Amino acid sequence: NSPAKVLVPSAPGTTVYQEKKVAMDASNTNQGYVMIKYGGQNQKIKVQIVKSSGTTYTYNLNARNAYETFPLTDGNGTYSIKVFENISGTKYSQAFSKSIGVKLANQYLPFLYPNQYVNFNAGSNTVKIGAQITKSTSDDLKKVELIYDYTVGHLTYDKAKAASVQTGYLPDVDAVLGSKKGICFDYASVMATMLRSQNIPCKLVVGYTGSLYHAWINVY
């Protein structure tokens, strides 16, 4: 039996940093995420998360006057978190900056919670299907195999979508499964949703393989 285990990000207000239009709830950094809320009128907001020794992760902040989840994916240490407002074209001005120390309760937690790239909840159909197709086993490696086989067998690659997809696109996993087609980001997000909700840590990576912009997953 493989019941789903869905972790739910929260902003309890225990530790909050506020600068004008931006609030960051850092109450759950030990769980591998921060919650950021933007209360201004600007249409284009970027969140930048940088580990002292690592990669810079840049996300769009899509919610308005509501918290959105951003993962801390580079382990323990100091993270610099900045929020930028679009001024014109590709020019941005800084609206928020804070450095925080992070000590994870478990190194895999950032790869188990939902966020904007892997967006699901307990009611998601993708979570239910993930539970159904893995119910025959308690072996994690077998679950990975079953979820992989289902995803690549159920979805076909959407060439038209790949040719027309806009910057800032985020997968809707239930809609992707319903349409039975998607781009690499969709495949990765569906698989990551099923794996995370089966308590199997999974990192979704967006980047370049050579000159090709691509999305893929790393499974722990």
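**Close-up views of a predicted model**

**View 1. The largest nonpolar core of the predicted model.** This core has 46 residues, of which Met-24, Val-34, Ile-36, Ile-49, Phe-70 and Ile-81 touch the most other members. Helix α5, residues 184–196, gives the most to the core, with nine residues. A second, separate core has six residues, including Leu-7, Leu-109, Leu-112 and Tyr-113. In soluble globular proteins, nonpolar side chains tend to be buried together.

**View 2. The surroundings of Ile-81.** Leaving aside residues up to four places away in sequence, Ile-81 touches Met-24, Val-34, Ile-36, Gln-48, Ile-49, Leu-72, Phe-96, Ser-97, Lys-98 and Ile-100. Among these contacts, Met-24, Val-34, Ile-36 and Ile-49 are, like Ile-81 itself, on the list of core residues that touch the most other members.

**View 3. An open sheet of four strands.** The strand order is β5-β4-β7-β8, and the pairing is antiparallel. β5 (56–60) and β8 (91–102) stand at the edges; each has a single partner strand, so one side of each is left without a neighbour in the sheet. From one strand to the next, the twist averages 20°.

**View 4. The pairing of β4 with β5.** Strand β4, residues 45–51, pairs with β5 in the antiparallel sense over five bridges. Ile-49 has Tyr-57 in β5 as its bridge partner. Ile-49 is also one of the residues of the largest nonpolar core that touch the most other members.

**View 5. The salt bridge between Glu-85 and Lys-21.** The structure holds three salt bridges. In this one, the closest N and O atoms are 2.8 Å apart. Glu-85 lies in strand β7 (residues 77–88) and Lys-21 in the loop between β1 (16–19) and β2 (22–25), so the pair links distant parts of the chain, 64 residues apart. Glu-85 counts as buried because its relative accessibility is 11%, under the 20% cut-off. Lys-21, at 40%, counts as partly exposed.

**View 6. The salt bridge between Lys-142 and Glu-145 in helix α2.** The side chains meet at 3.6 Å, N to O. Both residues lie in helix α2 (residues 140–154), three residues apart, about one turn of the helix. Lys-142 is partly exposed at 34% relative accessibility, and Glu-145 is partly exposed at 41%.

**View 7. The salt bridge between Asp-186 and Lys-161.** The closest N and O atoms are 2.8 Å apart. Asp-186 belongs to helix α5 and Lys-161 to helix α3 (residues 159–164), so the pair ties together parts that are 25 residues apart in sequence. Asp-186 is buried, with a relative accessible area of 0%, whereas Lys-161 counts as partly exposed at 21%.

Conventions. Residues are numbered from 1 along each chain as its sequence is written. This is a predicted model: local features need pLDDT of at least 70, side-chain atom pairs count only at pLDDT 80 or more; totals for chains, interfaces and linings use all residues. Side-chain values use heavy atoms; hydrogens and water are left out. A nonpolar core is a set of buried Ala, Val, Leu, Ile, Met, Phe, Trp, Tyr and Cys residues joined through side-chain atoms within 4.5 Å. Buried means under 20% relative accessible area, exposed over 50%, partly exposed in between (1.4 Å probe, protein chains only). Helices (H or I, at least four residues) and strands (E, at least two) are DSSP runs, numbered from the N terminus. Contact means heavy atoms within 4.5 Å. Two strands pair if DSSP finds at least two bridges between them. Axes are lines fitted to C-alpha atoms, for helices over the stretch in contact, and angles run from 0 to 180 degrees between N-to-C directions. A salt bridge is a side-chain nitrogen of Lys or Arg within 4 Å of a carboxyl oxygen of Asp or Glu.
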